Every structure is written in C-alpha cells, then in structure tokens.
Amino acid sequence: MEYNFRKIEADWQKYWAENQTFKAENNSTKPKYYVLDMFPYPSGAGLHVGHPLGYIASDIYARYKRHKGFNVLHPQGYDSFGLPAEQYAIQTGQHPAITTEENIKTYRKQLDQIGFSFDWSREVRTSDPNYYKWTQWIFIQLFNSWYHKTTDKAEDISTLIAIFSSEGNSKVKAACDDNIEVFSADEWKNFSEEKQQKILLQYRLTFLSETEVNWCPGLGTVLANDEIVNGVSERGGHQVIRKKMMQWSMRITAYAQRLLDGMAKIDWPQPLKDIQTYWIGRSEGAMVEFNIQHSTFKIPVFTTRPDTIFGVSFMTLAPEHDLVPIITTPEQKAVVEAYIKSTAKRSELERMADVKTISGVFTGAYALHPFSGKKIPIWIGDYVLAGYGTGAVMAVPCGDQRDYDFAKHFNLEIPNIFEGVDISEGAYTDKENSVIANSDFLNGLPYKKAMKRIIDETEQQGVGYGKVNFRLRDAVFSRQRYWGEPFPVYYKNGLPQMIDAKYLPIVLPEVEKYLPTEDGKPPLGNASVWSWDTKTNKIVSNDLMDNETVFQLELNTMPGWAGSSSYFNRYMDPHNTEEFVSKEAVEYWQDVDLYIGGSEHATGHLLYSRFWQKFLFDKGIVPVDEYAKKLINQGMITGTSAFVYRISNEIQIRSRRLTNDEIKESFSEGLKENKDLEIKNIELNCPIFVSKKFSGKEANEVLNDYLKKNFPEYIDLLENESMVLSYSINNLHADVSLVNAADELDVEAFKMWRPEYNDAIFIGENGEVLPFGEDLGGAKYICGREVEKMSKSKYNVVNPDQICEEYGADSLRMFEMFLGPLEQSKPWKTSGISGVLSFLKKLWKLYIVDNKFSVSEENPSKEEFKILHKTIKKVEEDIDNFSFNTSVSTFMIAVNELTALKCNKRAILEPMAILMEPYAPHIAEELWKNLGHTTSVSTVDFSIFEPKYLVESSKEYPVSFNGKMRFKIELPLDLSVKEIEDAVMAHEKTQEQLQGRVPNKVIIVPGKIINIVG
C-alpha cells in the first residue's frame, strides 16, 4: 500500500472545502484565537515558493491552537487594488477587475493545493464594492472628526463647532494646520458657511491641502515614500519628482505620541519597533521665529538645540518652501529657480540618504537674529525638507557637522559658541558635555541649563516657545489612478462635501481609457457618468452638471494602503451589511493574537493600520487601540539566480597604457602623457555571450580569436601585442528553468525564450562557438549563479504547483519549515525536498503491515513510550516558540527510532498522527481515517505529554579502574551506595580486572561515576 500523496491531498482538500472544516464561529464557548497573515496582492505571476513561508507557519500555529481547544479565526482574502492591474489595463484595454478576478482564481487554486486551513467563508477583497463601502465609511468618519489634545482622542466635529460657537478658537488645543486664524465666538457665527467649512478643513482628521508630493509621471500618480526605491518608483523603476498638488491627507501626526507609546504593549519585533520609532521621530526643542529684513514675513524654525542660537551664521530653507519665491532677490532669481528645478527630480528619501553631496544657493535675502538683531543670510539647500519641521533650518556650523560642511563649502562664517573647544577641524556635537560661550545671557551654562534658560527667554520675549516635534508627516491619501477606492466626496463651490453613508458604496465608473485625461486630470476624468445629484442622491451623467443640484465627484482614488488599514476588523464580521463590524463580533474576537508578515511594511501598512485602529478605538467602534498582540516578520526564501554574460555591441581596439618605464623610453610625444590612442571601433553584427569562465579578463583571448575569424580586416591590429580590446560585459538574468543542476544553459531553449537573441553567438566553456539546433557534442555554456531575492523579474522563481505535483503539499510545507528559523532568510534548493518526501514515506510505512494498513493493539514498550513523549514535549515547545524547523528534525528522529524498533502500535502511532497534523495535514488526515476515525483529525485534542515516560529508572554507569574506563553496567537509580558497590564488585568483569586483588578504595557518585582504585 503505497503513499499516494496526489490522491490523498486532493481527497482531503475536497473534504475540507465541502465540510467547511475550518469555519470559525462568532459565538463559541471556546476561548478565541485569531491568527492572521498579511493578505496578498493577486499578481499575474501567481505564487512562488517564497510566498507560502509565512502562511505555512501561521497555518501550523492555527491548527495547533485548534487542537488545544481554541476557536480559531484564520481568514484569508486579497488586497486586490493595485497598480499592476491598472498598468496592464493601460497596455491592453482590459478592465482591471477582469485581470484581478483571473489572478485571484490562480491564487486560490495555489493556496488550496498547499492545504491551508483558512476560513474562506470570511474572504474579503479590497476591490469588492461591498468591502470598500466600509473603507469609504471610515473615510467619512475621519472627515467628521478632529483631534482634541486635552482629551487626547478624536472627537466628532460637532463638538469643535460647539466650542467655536461658544468661545471661539483661541483656547482650543487641537491637532490642526499651522498658522490658524484666531477668532471669537461672535466672529465664527458671522462667518459665511463657506469660510466656516474652510476653517473646519484645517482641523479635520482627513483634509484637503496643497502638499509637496512624490509625483511619478511614468505611472501618472503620487507615490508614498515607501513606494520609492533609490529615487525611482518601486513599480517599474520610473523617475519621481517633487511637486505641489491639491491632495487629500490623513492627520496621522495627531497620533504620533500614541503610536510611540503603544509599542510598549505589543509584542512586535524590536527592529521593526525601532524603524517605526525613527520614522515617527520624536524630538524636544523650541520653535523660534526669525524676522526677514525689509519684509513682514517671518521664518519659524524648529530646533532641538535652541541653546546654540547665538551660533547661527546662516539659514537654510527647503527649495520648496513657500517663502522662497517671495524673498528671493531679482539678482538671485535665475539661479534659485534653476536649483529648485534640479532638486525636484530627487525624492525626499534620496535627499535624506545623500549626506555627501553639498549643494545650495543664496536667495539674496537676510533674516534678523531674534536676540542680537544680526543679519543672517538665507540660503536654500536640498538637505532641508519642506515636510519636516517648518522646512527651515537655523544653521549652527560649530555644532552641526552638516551645517559645518555647508559653511566650509560656501565660505560662510563659523562662529564658535562652545567654551574651550577647538572647531578648526569639524563641528562639536557632544551636547551633554558642552558649555555655552559667546552667547550673551547663556554664557557659562551647561547644555540642560542653557536649554531651559533659552526657552524661557524666547517665550518671555515672544519670539518662540518650547515644543515637541515629530519627523512623521501627515499621510497623503490621494492617488491619480483608476483602480482604487473612489472617494465618497463631491465638490460644491470648490469645497468637499461628504455623501451620506446610507448611499454607499460609491462604485467605480466605467471609463474608455485608464490614462489621465488630455488636460491632466486623473483617469476618473474620462468617465462620462461621474457626477452626484444631491436631489436624487445618485451618480448621474456629467452632462447634467448645469443642473444646480448636480456636482462633480472626486476624481482621485484612495491609495493602496486604504483597504488594508482595517481589514483585520472586517474579517470578524465580513457579511454584515449594516455595520462595519457588530459589537458582538468585535467584543468576542477583540484583536489579532498572531500576525505574520514582512518587515518591509514597517512604515507603510503596519503604521497606517495602527493609526486607523486608534481612531476607531476613539470612536468606540473597536474595543482595543492596538490590533495585533504579536507580530512575526518571516524571513525571505531566496532563489539562486542564473546569469549569462553578454559582450557589449561595440568593441574598441586601442593601444594599451604604457608602464612608467616604457614612457621614459618612449620618444613619442603622443605616448609621453600615457593616454590611450583610439584605433578602431568594431560594431558586432550579432550579440555575443561568453560562458562564465570568460566573464572577466579571460574573455580577451576567446574574443580575440572570434574577431580574427569574423573580422579579418582587423587581423593586423588584433595580432599587434601593443593593442588591447576595450569592451564591457553585461550580466543578464536567465530563467533558471533553462539551466540544469550543473549550471549548463539550454542554449536553444534560451533563444526560444528570448527571440531577440535568436542570432546570438554563444562561446562555450572551452572557447568554442556553440552550434544552434544541433547536437552540441559535449560543448557547454556555463551560467553564473548568485543568491538573490526570489522574484519574477530575476527569473529565479520556483512554482509551488510543480513542487506539489512532484513531491506533494505536505513535503513542501515541511521542507519550507525545515530550511531554517522562521525569521531568517534562507536559500531554496529543490533537491533538498526529496529527503522530506522520503521521510513521509517512512512515516507511512509505520502504519503498513503486509502491504495493508494495520496497527497493533499491543501495549507499547517503555522505549516506544519514551520516543513518543520525548517527541510530544519537543514539538509542543517548538510550536509555542515558533521554532518550526527543529520540530521537523524531531519528527525525523522519532520516525527513524520507531522504525528501528519496528513499532506498529496504535497507542504510539495514533498520537503521532495528531502531532503531525499541523505540519503535514493531508497525510495525518489519511492516517487518522485509516485508524478507524470518522471525524477530521484537526478537531481532536493535542497529544498529551506525560513526564513519567521520560523519568529514567536506571543509569548506565561507566566503571573505571584507576581512572580508566573498562566497562559499563546498568543499575537502578534507587540503589544505595552500598548496593551499587556490591553489584559492581560481583560483576565478572570486575573480577577479571582485579584478578583476586582487594581494591584500596571504591569511589561512587550515585547517578554519575564508579571508580575502583588500587
């Protein structure tokens, strides 16, 4: 009776689906446990073997918790709005919904065949109108809320309006825009409705404002900082520039301190907490105002070192600062505008990371020192960011190295304000040990005293105040694309109005083109039916815009993180059409107990979702303000990429550089300067690829031979020893499926895969040109190899479908866990999985007698019980500690030991089937069924560890004579020292050693050693 994994796995996957085996209930008497994976974006490429790693780990834990008596919620869905589907729509005209649906079918098939215990009855898709109805609803709640600093939580906007009506805004402590106009209650009441709405926009938790954004012309949309890598878009590698646009934003800064404080009560990886802590960037200091000479404008500056204010010798504004075009003098206008244009091409992340480049331009304007009245030149520089602080820096070169380098580079003054410190070589940055000098009333004060004194002085003189600042900026919430959640917003007199929640969802309209309109509007501007009729409360044709009740709907869509910011709550009650989540459901499930996903989401999804959770908590919609108790960042499964080496199309034959000795001997003026003398450029008539052996300097010889044969007109130059070849070699990825285990490339298949290289020449490992379409006769093209992130773009992915077909899903599950600790990255090697399949076959054979399924009812031996309970103990400890890799090793040891004992006893093999179920559920279910059970093994209690079976009743003692071990003897552990001595002295091997002699001494340490002396 063979282990037919294909049939077994197909049968049990069908059983689980038909019986909804893993469906969770919202009203169980069992304790709850919520296990969640970050839901995937359904890309056209489908899953590769790196994707299931975290899913397998969470599935093991979910299954284990069911065995331990928990009502486990383990849902899955799809983060199905995304740029790839929209880009495909732009290229082909196919609606993103069609592409997404096809991709989801592929994903679902792949996920099912790996045997995950997901509760598919709770599936959500962010692109489903029934789902994004609630994303739109949360947006409306945010719009209708403000953050009250006194109560330290979000409140309904009506409470703010009530305060304005009774006392104005002078005493309101709120998270709001800067430069708020102060007004009385009477003034508020006399404001027009339009002005009142504009004022409220400055306080709302989601608001419209002109914002400096990352604009990607290639994608036609705004990108978040975490969507930009090395200055280009993560998707497609397109250029990103900075520009100002009217955007929706989320006032996440209101929650900055609570986001920091909340990390103390969640069990998340410390490196990820550190990333979020840095990103939020809390700092204490002061806000100081500098007047501008000959102007009514002022420059507010936040500084963490107000104690160094007398060391200010210049100011630097961000190039995008609003004041730059206002204060720039006519003489400096051209250079300032040119500088602004050039810096707009660099992302904020790029500017922050570049600490070596020093650049800037003088505006021609001067600020006035708030205490000394001294003139301070105002510069602009791209190391200052408009979105951090006020977008202005008071530069103190003696105390800040970047300011110091800037001042040195542009020959600006560097006054020294530190007592007894030499700043001739660099800035002095040890604030704790600094003593202030040359600073008027701060002279002689150490850092902390100087800080307190300067803040007191700025507040008394009305030029500033103490402040806590955060690096975190309000999150841009608009995208200029089609495939995203529509905003539930229309515009009346240019001001946003929310559509009543009872008319949600506002569904995406049909459009003919998915590109921005010719006049630069987002893709929704192509929709002919995209206006809101406030009379009928329906979406109507744009042709009716002349009607006084019809208004333009918002043309932007929400960003990719909108749908993922609270999906974990929706899973609790996904079919509720009346509420986002019922009170009963959310009170029962509360929060996620275990969340598994990648650390790359640290400053994106994992931060925004915490913000939304805290807001929903403030509004009484959810019972806790942190949604995930424990987070594990799974490591990456890397792939082994394959490379081919292409010679550049143009090869140059030139004279080699002479050595110094040759130059001295040379009488040629042209050679005395040791310059290369260009002789001839050869344009190759077809691409040339060289084998790995020739991917370095070794290519010269084979390339020279090739050129002699194919370009005889240059043979004289090629044979001239003073001439060398100049060219480059480009490493190109090759699909790993075209390369065998010996790294040999299937050249013919490569040319079929990349037809643009159909006429290419391949030079093999022995320097020979490989024939095409013929028997290679032993000639080989050897590829290079490198371990990289497994990615479709690197052509190094391994499809799990193929693995499941050849080795089975249970083999895949156990192999991925066996590769190494969950949190670490590990390389994939398909050849290793055969060992896991062999193990499962060996496990299967324990239950087979005479080619039939049969187990014995005999009582197990002491040794068999010991193997079982040792395994139970280790596996339970490993799962509790998420050490899944060592569990796989434990299973293998146990099966080997039981096989050696020829164990076939039910009392051992039945608990073993239960132990195996979280890791290899298909084989465990089949074994359980054949053991005579009619219910799924996933529903039974976990195997119970009994310590008594691991208590040793005897000890194998080493018996030594004069310190040299001669033999071993097994004795009961409960013997006294006298009884041990009697047993040893009576042993025949002792008599042989003593040969009638009486020992001088017998040393016995019970449970450890026996040593006979003399």
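Q: In S38, which residue is the bridge partner of serine 954?
A: This is a predicted model, in which local features need pLDDT of at least 70, side-chain atom pairs count only at pLDDT 80 or more, and totals for chains, interfaces and linings use all residues. Residues are numbered from 1 along each chain as its sequence is written, and side-chain values use heavy atoms, with hydrogens and water left out. Strand S37 (residues 954-961) runs antiparallel to S38 and is joined to S38 by eight bridges, where strands (E, at least two residues) and helices (H or I, at least four) are DSSP runs numbered from the N terminus, and two strands pair if DSSP finds at least two bridges between them. In S38, serine 954 has as its bridge partner proline 972.

Q: Is phenylalanine 164 buried or exposed?
A: Phenylalanine 164 lies in helix H6 (residues 157-167), and, leaving aside neighbours within four places in sequence, its contacts (heavy atoms within 4.5 Å) include Phe183, Ala185 and Trp188. Buried means under 20% relative accessible area, exposed over 50% and partly exposed in between (1.4 Å probe, protein chains only). Because its relative accessible area is 0%, phenylalanine 164 is buried.

Q: At roughly what angle do the axes of helix H1 and helix H30 cross?
A: Axes are lines fitted to C-alpha atoms, for helices over the stretch in contact, and angles run from 0 to 180 degrees between N-to-C directions. The axes of helix H1 (residues 5-19) and helix H30 (residues 921-930) come within 9 Å and cross at roughly 85°.
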